Amino acid sequence: MASKPERHPSLTARPEWQALCEHRAQLDKRHLRDLFAQDSRRGQRLAAEAVGVYLDYSKQRVSDETLRLLIQLAEACELPARVAGMFRGDVINVTEQRAVLHVALRAPVSENILVDGANVVPDVHAVLERMAAFAERVRSGAFTGHTGKRIRNLVNIGIGGSDLGPVMAYQALRHYSQRDLTLRFVSNVDGTDFAEAVADLDAAETLFIVCSKTFTTLETLSNARAARAWCLRALGNEDAIAKHFVAVSTNAQAVGKFGIDPANMFGFWDWVGGRYSMDSAIGLSTMLAIGPAHFRELLDGFHAMDTHFRSAPLATNLPVLMALIGIWNANFLGAETVAVLPYDQYLQRFPAYLQQLIMESNGKHVTLDGTPVDYATSPVYWGEPGTNGQHSFYQLLHQGTRLIPCDFLGFVSSLNPLGEQHDLLMANLFAQSEALAFGKTAGEVKAEGVADALVPHRVFEGNRPSSTLLVQRLTPYSLGTLVALYEHSVFVQGVIWNLDSFDQWGVELGKALAKRTAEELAAVEEPTLGHDSSTNTLVRRYRQLRQR
């Protein structure tokens, strides 16, 4: 059922918000060193565990009272009802009048999830079965290219959620991938991206996966046309397109016109947002890489976290705890960024994936009813794998002037054990969170015999908040739990901030202006420009220099 945006009391005027403001003034006087000294069991108590994910939030600048007040705020914002509405299929994307049901993508076939009165789960599983059958044919060599050669190269063409999710998942699960298949990803409309992706590939052994729901996305279609031309130059026959291209789309007419066999088109639905789509048909490249069985495990991990989020009490609910602590850091401690620091090389693209998931969802300046906010919304997310980051930006985390909360992600068992390297990796993770929290006082520095002039340079103030997520091993299942954890955390923060976390109008203006400008750049005659003086000058200068 459609939900009409209601006018809620201003968030900052709520008594629960005001109580947190008063509490912050009291807690400001207490360092993490004091909080741990006063509670010998803090490290055990301020932790929660579910579906194989252990969350230690004891090094966050919170007390039991902080958490109690944050939960009161969540209840006042009707979080449990909003969660129930999402899982029920209510139209919670109010600006586009859509349900938001990425949870249906990983629901067991026995579940019943309704959109407009119809159960969508059978449709989801029908697509998954078609994907699995196709993946098995490609992986086994039964599906061949135009010349009869086996497909050995897969190139995913997409952008945004149609790229970041598949890229991240492929890198994260590469240990489980079929190694005689080469996967490449093309997203940037910069021709270099495509040229480098195919430079060493044989067209006769290459399959392109074009991911565009409407099959009209400018960057994706530009790259798809470049791929089509590259393929035709090498194979010389229009019939080759049907053997070397598949589509993830809902526009059968445009897909067919391109030359793709509609039997090799895999669809999804308007209740799946792009940044929430890696477990839909957009994940076809992932399934081709790791196989249908491992892809099913990925979905099972998602679903396990969905079930936990839907049923666990707020005080022990992992996505809720992470979201509320994030609100505390952003709105009450003034943190403007969050560093995501995975201590696993396979998760090298995880921070980039979270950038879109979080900042496109909650980077909003008005509430559901269009009222301007008077509080901070999404912080900037960024990060790199440890230990690489320790030798670049950790200096700022420890001794800089900005408060940057950190999420550390670590795994107990390495997929590639080499001597003592994994223990050293995890020792660094634990040491960094400890150093951020407790620092080193001037007295401790002097006790080491450091000269007085150097003491200020060696002091670490500490009191810098972090959470640690600890998982047994990076598997398809655990990756699913981690992605769903952040997905639901985003939703919780959107509920508290009273945002539509599922639209993205902020990307539209630049796209519209780019289309107009592209026509001006391509014009044979000097175009009449109607931009500002800076943009007009840049367009003219570019055209003049290009002609030279």
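**Rings, cores and loops**

Mentor: Let's begin with two residues, Tyr 343 and Phe 408, both of which are buried. Buried here means under 20% relative accessible area, exposed means over 50%, and partly exposed lies in between, using a 1.4 Å probe and protein chains only. Before going on, note that this is a predicted model, so local features need pLDDT of at least 70 and side-chain atom pairs count only at pLDDT 80 or more, while totals for chains, interfaces and linings use all residues. Residues are numbered from 1 along each chain as its sequence is written, and side-chain values use heavy atoms, with hydrogens and water left out.

Now to the rings themselves: the structure holds 21 aromatic pairs. Rings of Phe, Tyr and Trp (its six-membered ring) pair if their centres lie within 6.5 Å; planes under 30 degrees apart count as stacked, over 60 as edge-to-face and the rest as tilted. Take Phe 194 and Phe 208: their ring centres are 6.4 Å apart and their planes meet at 25 degrees, so this pair is stacked. Phe 194 sits in helix H8 (residues 191–198) and Phe 208 in strand S7 (residues 206–211), so to speak two distant parts of the chain, 14 residues apart, that the pair links. Helices (H or I, at least four residues) and strands (E, at least two) are DSSP runs, numbered from the N terminus. Phe 194 is buried, with a relative accessible area of 8%, and Phe 208 is buried with 0%.

Back to our opening residues. The ring centres of Tyr 343 and Phe 408 are 6.1 Å apart and their planes are at 45 degrees, so that pair is tilted. Tyr 343 lies in the loop between strand S10 (337–342) and helix H15 (350–362), and Phe 408 belongs to strand S12 (residues 406–411), so the pair ties together parts that are 65 residues apart in sequence.

Rings can also join up in a chain of pairs: Phe 194, Phe 208, Phe 215, Trp 230, Phe 245 and Phe 258 are linked into a cluster.

A nonpolar core is a set of buried Ala, Val, Leu, Ile, Met, Phe, Trp, Tyr and Cys residues joined through side-chain atoms within 4.5 Å. The largest has 125 residues, and Trp 271, Phe 350, Leu 479 and Tyr 486 touch the most other members. Helix H20 (residues 476–497) contributes the most to this core, with 12 residues. Another core, of 26 residues, lies apart from it, and Phe 215 is among its members, along with Val 210, Cys 231 and Val 255. Look closely at Trp 271: leaving out residues up to four places away in sequence, its contacts (heavy atoms within 4.5 Å) include Ala 99, Leu 101, His 102 and Val 124.

Helix H5 (residues 79–88) shows buried residues on a helix: Leu 79, Val 83, Gly 85, Met 86 and Phe 87. Among the elements covering them are helix H4 (64–76), helix H13 (292–311), helix H14 (318–332) and H20. On either side of H5, look at the backbone: in the loop between H4 and H5, Glu 78 has a positive phi of about 60 degrees although it is not a glycine, and just after H5, Gly 89 takes a positive phi of about 95 degrees. Glu 78 counts as partly exposed, at 45% relative accessibility.

Pro 405 is found in the loop between helix H16 (394–399) and S12, and it counts as buried, at 4% relative accessibility. Leaving out residues up to four places away in sequence, Pro 405 touches Asn 329, Ala 335, Thr 337, Val 338, Ala 339 and Pro 465. Another loop, between strand S11 (380–382) and H16, holds Thr 387, and the peptide bond from Gly 386 to Thr 387 is cis, with omega near 10 degrees.

Finally, step back to the whole. The protein chain has 22 helices and 13 strands. Of its 548 residues, 54% count as buried. Among contacts with a separation of 6 or more, 73% are between residues 24 or more positions apart. Along its principal axes, the C-alpha trace spans about 75 × 60 × 55 Å.
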